[in-house]
Amino acid sequence: MGERESADALLRSAIGGDRRALARLLSVVEAGGAPFRVIAPQIFAAGRGTHTVGLTGAPGAGKSTLTDALVTEVRRHGSRVAVVAVDPSSPLSGGAILGDRVRLRQQNVVDDDVYVRSMASRGQLGGLSLAVPEVIRTLDAAGWPVVLIETVGVGQSEVAITENADTTVVVLNPGWGDEVQANKAGLLEIADVLVVNKADRPGVQATVRDLERMLHLGKVQPWAPAVLTTIATDGTGVDRLWQVITDHQRFLAETGEREHRRAQRRIAEVRERVLHELTDVSSRVERSHAGALIIGALAKGEIDPVTASDRLIRLAAGRMADAR
Amino acid sequence: MVAARVLMAKTSLDGHWRGINVVSRALRDGGFEVILAGMVTADTIARIAADEDVDLIGLHVGGRVEVVERILDTLAANGITTPVIAGGTIPHYAVARLEKRNVSCFPPGSALDDIVARARELTAQDVVNEEE
Ligand SMILES: Nc1nc2c(ncn2[C@@H]2O[C@H](COP(=O)(O)OP(=O)(O)O)[C@@H](O)[C@H]2O)c(=O)[nH]1
Ligand SMILES: [Mg+2]
């Protein structure tokens, strides 16, 4: 956007309910650069404690359609709701096709109490796992009490995203049991709610039985993940799904589990951020003039690897001291 | 560096979805984040362009220039100054009319490379260099 509004002014307007300011602010947050870092503490302080729900599962499982149906259901209960829809980037170009909006019904797109934001999994400084929690915090600060996050649950990083949610919904399809054997354990481990979507297709009962059997093999937990069935295309079972999600929300709040989990997530997030930023400094130092000399000497065998890394670290430390 | 964001929308039912998909893929391969909207009304395009904070709007035209003009009016009425490109079936007389309103037109037969190059030009000022 041509004119450079200050991030600070954008945040104030977004907190005040200015939708256009929120949209611009989210771009600043996603970019993760210096303007964002300045306002990060204010975004955090303005948080009101939004309930986040992650929907994850294989491509085509019906996550976007189910998200749209959930938005409709949440609106039926009168709450405002935001959606963060994440699609993978092309590793080659860094570009992406973000197609989740195609499943949104018109009524939800134009609803002033619905906000949808599409994100690509790569391209942000720090990658998705750093950008998503900050985008959620920003939506929270701007007064969105429920945030639904759609991610493709295939890769490691995508599954990690769902750790950003208070409630994780894993979306599967009938017959899934045979298909994705390898991922089963991982998906079941992160699920607070399991949904067998496309329940209009054959094999639903067998899949539900399979899942319930596998869940019972696991250790006894205070929250037993429910197995539900939905037909996202006509909304069947979606009221029940929202009911269970709110039950889970209440469970988290009453047991103190919510604050505990959120604290754990913040710690994990910071570990990742620190690692990422150190890696970033390290690669910048290598590319600097002084760094290139050290790498050159290492290549010629004039210095040993330990000395080379010591010197690079000293350079990096100097740079970081200057930057702070 | 952050990728520029493009909203791709279909303005009528007769335009082929295939055409918009081919352009979308070319833009993705050119490093753009392409947000697909499907078949949407003028109001909806304005809403999505604002909410997604896009840098460019791509309209797939199905022969009727009036529809595109109504979208341009709606964008203007909503204070959205995002540049617009149009592709698909655009009648000859319509190209001149749209270009006069600052819309870059790409009728059938346009090279994908030209579309991507124009998209780059139109979004160039938005590319912020994050390196110090
Ligand atoms: N038969 C049937 N099709 C569905 C259902 N839910 C979604 N679909 C279809 O499955 C396809 C993929 O849905 P989408 O929501 O885009 O899946 P995503 O990739 O997981 O986001 C679309 O054609 C949907 O219409 C359902 O409950 N039953
Ligand atoms: Mg989807």
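Colleague: In this predicted model, which residue meets A:Arg75 in a salt bridge?
Modeller: The rule asks for a side-chain nitrogen of Lys or Arg within 4 Å of a carboxyl oxygen of Asp or Glu, and the N to O distance of this pair is 3.3 Å. A:Arg75 belongs to helix α4 (residues 63–76) of chain A, whereas its partner, 38 residues apart, sits in the loop between α5 (106–109) and β4 (114–120) of chain A, so that the pair links distant parts of the chain. The residue that meets A:Arg75 is A:Asp113.

Colleague: How many salt bridges does the rule find across the interface of chain B and chain A?
Modeller: Over all chains the count by this rule comes to 30 salt bridges. One that joins the two chains is formed by B:Arg47 and A:Asp112, whose closest N and O atoms are 2.6 Å apart. Across the interface of chain B and chain A, the number of salt bridges found is 4.

Colleague: Which residues of chain B lose the most area to chain A?
Modeller: The contact takes 33 residues from chain B and 38 residues from chain A, and the two chains bury about 2700 Å² between them, with 46% of it on carbon and sulfur atoms. On the side of chain B, three residues together account for 22% of what that side buries, and they are B:Arg47, B:Asp51 and B:Asp53.

Colleague: Which element gives the largest share of the side of chain B that touches chain A?
Modeller: Across this interface the rule finds 19 residue pairs in polar contact, both residues being at pLDDT 80 or more. The elements of chain B that give two or more residues to this side are α1 (17–29), β2 (33–39) and α2 (42–51). The residues of this side divide into 12 nonpolar, 7 polar and 14 charged. The largest share, 6 residues, comes from β2(B).

Colleague: Which residue in β2(B) stands opposite A:Ile97?
Modeller: Strand β3 (residues 96–98) of chain A pairs with β2(B) in the parallel sense, over 3 bridges. Opposite A:Ile97, the residue in β2(B) is B:Val34.

Colleague: Which residue has a side-chain N or O atom 2.5 Å from an oxygen atom of ligand 1?
Modeller: Ligand 1 is surrounded by 17 residues, the closest being A:Gly60, A:Lys63, A:Thr65, A:Arg103 and A:Asp200. A polar backbone atom of A:Gly62 is 2.9 Å from an oxygen atom of the ligand, and a polar side-chain atom of A:Lys198 lies 3.2 Å from an oxygen atom of ligand 1. The side chain with an N or O atom at 2.5 Å is that of A:Thr65.

Technical notes. Residues numbered from 1 in each chain as written. Chains lettered and ligands numbered in written order. Predicted model: local features only at pLDDT ≥ 70, side-chain atom pairs only at ≥ 80, totals over all residues. Heavy atoms only, no water. Contact = heavy atoms within 4.5 Å. Buried area = accessible area lost by both parts, 1.4 Å probe. Polar contact = N/O pair within 3.5 Å; in protein donor to acceptor, adjacent residues only side chain to side chain. Helix = DSSP H or I, 4+ residues; strand = E, 2+ residues; numbered from the N terminus. Nonpolar A, V, L, I, M, F, W, Y, C, P; charged D, E, K, R; others polar. Pairing = 2+ DSSP bridges. Near = heavy atom within 4 Å.
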